[in-house]
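I opened this notebook to keep track of what I looked up in the structure, one entry for each topic.

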Amino acid sequence: MNLPAWLPFAFGSALFAGMTAILGKLGVAGMNSNLATFIRTIVILFVTAAILSWRREWQLPENLPPKPLTFLLLSGVATGLSWLCYYRALQLAPASLVAPVDKLSVVFAIVMGVLLLGEPLTLKLAVGAVLILSGVMVLAF
C-alpha cells in the first residue's frame with residue numbers, strides 16, 4: 001500500500017503534539033505559563049532557523065503577495081494564543097485531560113473548512129468529527 005506523502009508528516013505532528021503535552025506539563029511546573037510559552041517559542045524559532053539553514057531555504061519568494069503574508073501573520077497570532085491557553089490549561093489540569101480537549105481543534109478545523117473554505121462535508125468527515133467530539137466529552141466530563 002502506497003501511503004500519501006502527507007501522512008507521515010501528519011503522524012509526526014500527532015506524535016510530537018503528544019510529546020508536547022507531556023513535556024509541557026513537566027515544563028510549566030512552578031513557572032509562569034506565559035513565560036513558559038515564550039521560552040518554547042524561542043526554541044521553536046531556533047529549531048526552525050536551523051532547519052532552514054540546513055536545507056538552504058532562507059530565500060523569500062520574489063514579490064511576496066500580501067494576502068498569503070496576511071494570513072500567515074494571522075495564523076501566527078492564532079498559534080500564539082493557542083499556546084498561551086494550552087500552557088495555562090496544563091498548569092491547571094492533568095495533561096491527560098488537556099490534550100484531548102485540545103484535539104477539538106480537529107472539529108473546529110473541519111467546521112471552518114466547510115464554512116469558510118467551501119470544503120465538502122462528507123459522511124465520513126461528519127462521523128469522524130462527531131466521534132472526536134464524543135471522545136472529548138467522555139474524557140473531559
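I began with Glu57, which I find partly exposed, because its relative accessibility of 35% lies between the limits of under 20% for buried and over 50% for exposed. The model I am reading is a predicted one, and I keep that in mind for every entry below.

Which residue forms a salt bridge with Glu57? I looked up the pair and found Arg55, with the closest N and O atoms 2.8 Å apart. Side chains of opposite charge can pair when their charged atoms come close. The structure holds two salt bridges, and I went on to the one formed by Asp102 with Lys103, where the closest N and O atoms are 3.3 Å apart.

Next I turned to Arg56, which I located in the loop between H2 and H3. Its phi is positive, at about 55 degrees, although Arg56 is not a glycine. I marked this for a second look, because most residues other than glycine have a negative phi. Is Arg56 buried or exposed? With a relative accessibility of 67%, Arg56 counts as exposed, since the limit for that class is over 50%.

I then looked up Phe46, which I placed in helix H2, a helix that covers residues 33-55. Phe46 has a relative accessible area of 57% and is therefore exposed. I also found Phe46 in a nonpolar patch on the surface, together with Leu35, Phe38, Ile39, Ile42, Val43, Val47, Ile51 and Trp54. For the patch as a whole I wrote down an accessible area of about 930 Å².

For Pro100, I recorded a place in helix H4 and a relative accessibility of 15%, so that Pro100 counts as buried. I also checked Pro100 against Val138, which is 38 residues away along the chain, and the C-alpha atoms of the two are separated by 9.9 Å.

My next entry concerns the largest pocket, for which I have a volume of about 850 Å³. Of the 31 residues that line this pocket, the closest to its centre are Thr20, Arg40, Ser82, Trp83 and Tyr86. Which helix gives the most to the lining of the largest pocket? I found that H1 does, with seven residues, while I listed H1 (7-27), H2, H3 (66-92), H4 (95-102) and H5 (104-117) as each supplying at least two residues of the lining. Sorted by class, the lining has 22 nonpolar, six polar and three charged residues.

Taken along the principal axes, the C-alpha atoms fill a box of roughly 50 × 45 × 35 Å. What share of the 141 residues in the chain is buried? I noted 16%, and Pro100, at 15% relative accessibility, counts as buried.

Conventions:
Residues numbered from 1 in each chain as written. Predicted model: local features only at pLDDT ≥ 70, side-chain atom pairs only at ≥ 80, totals over all residues. Heavy atoms only, no water. Patch = residues over 30% accessible without salt bridge, like charges linked within 9 Å, V, L, I, M, F, W, Y side chains within 5 Å. Areas by Shrake-Rupley, 256 points an atom, 1.4 Å probe, with all protein chains shown as cover. Salt bridge = Lys/Arg side-chain N within 4 Å of Asp/Glu carboxyl O. Helix = DSSP H or I, 4+ residues; strand = E, 2+ residues; numbered from the N terminus. Buried < 20%, exposed > 50% of the residue type's maximum accessible area, 1.4 Å probe, protein only. 1 Å grid on protein atoms, 1.4 Å probe; cavity = no way out; pocket = protein on both sides within 12 Å on 5 of 7 lines; lining within 4 Å. Points joined across faces, edges and corners; volume = space filled by probe spheres on them. Nonpolar A, V, L, I, M, F, W, Y, C, P; charged D, E, K, R; others polar.
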